[in-house]
Amino acid sequence: MTTLDLKLMPPPPLGARPALWIVGGTALVMLLASARFIALGAWPILPFVVVDLALLVWAFRAAARASRAYERVRLDASGLLYSRVAADGSAREFRLEPLFTRVELEALSPPENRLWLGERGRRLLVGRFLTPRERQEVYSVLKRALP
């Protein structure tokens with residue numbers, strides 16, 4: 001019997017079609033802007049335009065890759081299991097004893113905060129990709145679920 005099963009995920013990336021529209025629109029604007037420089041004989045600006053566009057495409061792909069990461073918190077009769085799955089698929093699991101586990105919401109400069117699971121001198125940072133408000137909600141859920 002599972003008492004609690006939370007899967008924490010980063011916000012989804014922009015879809016392929018909107019990303020393509022953004023890259024295409026940016027390419028068009030950059031090409032029109034660089035046309036003036038090319039007309040004046042400053043053609044060496046073109047490699048910089050291409051590099052800028054390549055970096056934009058890389059950023060969209062990196063965001064899509066990073067969105068595959070997630071964290072899971074499960075509380076059942078056998079204990080509290082915290083697992084962190086990275087974007088590349090590698091996973092780390094931590095088993096915590098619910099009676100000795102404490103949930104901490106560390107307040108930083110407003111509105112920032114950090115959510116920690118702690119047990120016997122070990123602290124695990126939870127929900128790094130969540131917003132401060134989402135971390136507050138997860139904190140409330142975990143606080144209620146743990147004895």
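Mentor: Let us start from one residue in this predicted model, Ser 34, which, once its neighbours within four places in sequence are left aside, is in contact with Ile 45, Leu 46 and Val 49. Ser 34 has its place in helix 1, and because its relative accessibility is 2%, under the 20% cut-off, Ser 34 counts as buried.

From there we can turn to the pair of helices. Two packed helices are described by the angle between their axes and the distance between the axes. Here the axes of helix 1, residues 16–39, and helix 2, residues 45–66, come within 10 Å and cross at roughly 170 degrees. An angle over 145 degrees counts as roughly antiparallel, and so helix 1 is roughly antiparallel to helix 2. The crossing of the two helices is right-handed. On the side of helix 1 the contact is made by Ala 19, Ile 22, Val 23, Thr 26, Ala 27, Met 30, Ser 34, Phe 37 and Ile 38, while helix 2 brings Ile 45, Leu 46, Val 49, Asp 52, Leu 53, Leu 56, Val 57 and Phe 60. Sorted by kind, the residues of this contact are 14 nonpolar, 2 polar and 1 charged.

Now for what else the model holds. The largest nonpolar core has 18 residues, of which Leu 6, Leu 80, Tyr 82, Leu 117, Val 138 and Leu 142 touch the most other members. At least two residues of this core are supplied by each of strand 1 (2–8), strand 2 (70–76), strand 3 (79–85), strand 4 (91–96), strand 6 (113–119), strand 7 (122–126) and helix 3 (132–145), with strand 1 giving the largest share, 3 residues. If residues up to four places away in sequence are not counted, Tyr 82 touches a list of residues that includes Val 73, Phe 94, Leu 117, Leu 124 and Val 126, and also Glu 71 and Arg 92.

Two details of the backbone remain. Most residues other than glycine have a negative phi, and most peptide bonds are trans. Against that background, a cis peptide bond joins Pro 110 and Pro 111, with omega about 0 degrees, and Pro 111 is found in the loop between strand 5 (102–107) and strand 6. Arg 120, although not a glycine, has a positive phi of about 50 degrees; Arg 120 is found in the loop between strand 6 and strand 7, and because its relative accessibility is 62%, Arg 120 counts as exposed.

Methods
Residues numbered from 1 in each chain as written. Predicted model: local features only at pLDDT ≥ 70, side-chain atom pairs only at ≥ 80, totals over all residues. Heavy atoms only, no water. Axes fitted to C-alpha atoms, helices over the stretch in contact; angles between N-to-C directions. Helix = DSSP H or I, 4+ residues; strand = E, 2+ residues; numbered from the N terminus. Parallel < 35°, antiparallel > 145°, perpendicular 65-115°, else oblique. Left-handed = near helix turned anticlockwise from the far one by under 90°. Contact = heavy atoms within 4.5 Å. Nonpolar A, V, L, I, M, F, W, Y, C, P; charged D, E, K, R; others polar. Core = buried A, V, L, I, M, F, W, Y, C linked by side-chain atoms within 4.5 Å. Buried < 20%, exposed > 50% of the residue type's maximum accessible area, 1.4 Å probe, protein only.
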